[in-house]
Amino acid sequence: MLRNKTIVLGVSGGIAAYKAAAICSKLAQAGADVRVIMTESATRFIAPLTFQTLSRHDVIVDTFDEKDASVVSHIDLADRADLVVVAPATANIIGKMAHGLADDMLSTTLLATTAPVLVAPAMNVHMYAHPAVQANMETLARRGVLFVEPGTGQLACGYVGKGRLEEPEQIVEAIHRFFMEKGQLRGKKVLVTAGGTVERIDPVRYLTNDSSGKMGYAIAEAARSMGAEVTLVTGKASLPVPEGVKAIHVESAQNMLEAVLERFPDSDIVIKAAAVADYRPAERAMQKIKKNEQEMTLTLVKNEDILQTIGRMKKHQYLVGFAAETERIDEYAMGKLLKKNCDLLVANDVTQEGAGFGTDTNVVRLYDKNGLVKSLPIMTKQGVARELLTLIAERTTKGEGTN
């Protein structure tokens, strides 16, 4: 899997830098061409000679220490990398990455590379939980940077909590998984819906829901990273469109239905993650409704069910639905899957901590026509997206789900 792959390993200055030696060794043993960049602070914890011996390549620390006159080192490394791994990643290097700073060899190379980047944070529990650090990681995640979450346990500073660098074996496994997943959806056209729909009452008022669009956007981003051609039909969501994804912005359920129907015949995989309004006002006022009476009656009419409509139409498409429930999740999920002719259904209990609208994490259960396929623990929505798409890729490769 890693043979002939060039992996640039960035080591920043934390006590966990010693674990990077094991990562370097395991990657080299697996056949990877490992090129190590260390920050000046990292050399205070572990000597460059260690990585030079393990990788059989010079270790670069100083941006201006150019050993080969025919190339510019940071550009050469940035261009040749199949993957850049930063482990350990301190709060400092994460901040530099998020804000585009380039004041040493590692941050300069990270800014220059177009290769995928995998980050393994390691820091004090309070530093990890700090809003600035969390915001920086969210910014990087939206740009497509992958993360190996830190573990929970005894930290070098004496605290017990989340912030310990994940074990080298787990980081190397994540690298193997990255190369295994890459290209799994190459040649596939994936249509994703996301966000909440808006049903206008008048020009200044509307009916909507709490959907943030985070789950659908994470799916679109993950599908693109796995090689798919991705179209995102998005309702209300205050998120940047993932790089390389074509976005169609819509407002109402009717708008979303039309956008989906137009693109459905040409799609291979359709993932309906949007929270679509079941009802809309029977009449939409052209002017702002003035306050007159103590009560106002609003008549609602039912919107056409997008998932059920395309479920009846599907031929070669692999169709995935979502169900946000508050009770009897297994019963309602299976009922929805069968009624709407889905190949796979993703259900969650939105009352559960860490799941539902607006959160950065989710707790989901995956179902097919035979029942529960997999129950995922709490994880980031990016993690859920990769688990879901890996399963879809495996099943579509086998020809499952096609009529």
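The model is predicted: local features need pLDDT of at least 70, side-chain atom pairs count only at pLDDT 80 or more, and totals for chains, interfaces and linings use all residues. Residues are numbered from 1 along each chain as its sequence is written, and side-chain values use heavy atoms, without hydrogens or water.

Start at helix α3, residues 73–80. Helices (H or I, at least four residues) and strands (E, at least two) are DSSP runs, numbered from the N terminus. S73, H74, L77 and A78 of α3 are buried (under 20% relative accessible area, 1.4 Å probe, protein chains only). They cover an arc of only 130° around the axis, so they sit on the same side of α3; the arc is that of the directions from the helix axis to the C-beta atoms. The buried residues of α3 pack against β1 (6–11), β2 (33–38) and α5 (105–112), with contact meaning heavy atoms within 4.5 Å.

Now look for aromatic pairs. The whole structure holds one. F178 and F179 form this pair, edge-to-face, at 5.0 Å centre to centre and 75° between the planes. Rings of Phe, Tyr and Trp (its six-membered ring) pair if their centres lie within 6.5 Å; planes under 30 degrees apart count as stacked, over 60 as edge-to-face and the rest as tilted. F178 is buried, with a relative accessible area of 12%. F179 is buried too, at 8%.

Definitions and conventions: Buried means under 20% relative accessible area, exposed over 50%, partly exposed in between (1.4 Å probe, protein chains only).
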